[in-house]
Amino acid sequence: MIPAMPASARTARQASVSALRLGRVATMGALAALILFAGVWGSWGTAQHVMLTKGRERGTVRVAGCAGGVCSGPFTPASAGAGARARVEIEQSVAVRPGATYDVVLKPDSSQAVRSGPAGILYAWVPLGGALLLAAVVVAGGMRLVRPAWVLGLAGAGLLTAVFVALQ
């Protein structure tokens, strides 16, 4: 027969379990917030140029060729104040093919182009989509909040699916 635990020991055990639970939820919540912040930070470097186009040079680039992870081609301006350029560079990815023409925005004081329009906006937020998926795992496993995790996961999957559809 197991002797019964005194009431004070039971209360102390419940308090320590509650403290550990609170510590786990706080730590995992901070980790999930950090993951989401990193996703926004990673996306904003490109998204700011695509979303805030006022005063930036907008136009099209016809990709002439790709080498070393960078594609290049001539830039044809479409906005007031933009000048034609013989060569601008755009990052080579699945979304950029040689011979195709893309709407782009030039980064200030450089010859770096970023894809614009709906496809460019969605593509700029791909790191956030991945962060949403990763944060969903942390929220579900570490915080044991299943419904918010489903919301995060579906938002991330929806964003990545929209990017895939927009770039086709």
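**From a charged pair to the nonpolar cores**

At 28% relative accessibility, Arg85 counts as partly exposed, where buried means under 20% relative accessible area, exposed over 50%, and partly exposed in between (1.4 Å probe, protein chains only). The model is a predicted one, in which local features need pLDDT of at least 70 and side-chain atom pairs count only at pLDDT 80 or more, whereas totals for chains, interfaces and linings use all residues. Residues are numbered from 1 along each chain as its sequence is written, and side-chain values use heavy atoms, with hydrogens and water left out.

Arg85 forms a salt bridge with Glu57, and their closest N and O atoms are 2.7 Å apart; a salt bridge is here a side-chain nitrogen of Lys or Arg within 4 Å of a carboxyl oxygen of Asp or Glu. This pair links distant parts of the chain, 28 residues apart: Arg85 belongs to strand E4, and Glu57 to the loop between H1 and strand E1 (58-62). Helices (H or I, at least four residues) and strands (E, at least two) are DSSP runs, numbered from the N terminus. A search of the whole structure finds 2 salt bridges. In another salt bridge, the side chains of Arg87 and Glu89 meet at 3.1 Å, N to O. Glu89 is buried, with a relative accessible area of 19%.

Strand E4 (residues 85-91) and strand E6 (residues 112-115) run parallel and are joined by 2 bridges; two strands pair if DSSP finds at least two bridges between them. Strand E5 (residues 101-106), by contrast, runs antiparallel to E6, with 3 bridges joining them. Here Val104 stands opposite Arg115 in E6. The hairpin of E5 and E6 has 5 residues between the strands, and Asp109 in this hairpin takes a positive phi near 55°.

The nonpolar interior comes next. In soluble globular proteins, nonpolar side chains tend to be buried together. The largest nonpolar core has 20 residues, and Val139 and Leu152 have the most contacts inside it; such a core is a set of buried Ala, Val, Leu, Ile, Met, Phe, Trp, Tyr and Cys residues joined through side-chain atoms within 4.5 Å. The elements that give two or more residues to this core are H1, helix H2 (117-124), helix H3 (126-142) and helix H4 (146-166). H3 gives the most, with 7 residues. Not counting residues up to four places away in sequence, Val139 touches Ala32, Arg144, Leu145, Pro148, Ala149 and Leu152, where contact means heavy atoms within 4.5 Å.

Leaving aside neighbours within four places in sequence, Val163 is in contact with Leu122, Tyr123 and Val126. The C-alpha atoms of Val163 and Ala119 are separated by 6.7 Å, although these residues are 44 residues apart along the chain.

Which residues form a nonpolar patch on the surface? They are Val40, Trp44, Met51, Leu52 and Ile121, with about 420 Å² of accessible area together. Patches are made of residues with over 30% relative accessible area and no salt bridge, like charges being joined within 9 Å and nonpolar side chains (Val, Leu, Ile, Met, Phe, Trp, Tyr) within 5 Å; accessible areas come from the Shrake-Rupley method with a 1.4 Å probe, and for residues only the protein chains shown count as cover. Helix H1 (residues 7-51) supplies the largest share of the patch, 3 residues. Met51 lies in helix H1 and is partly exposed, with a relative accessible area of 41%.
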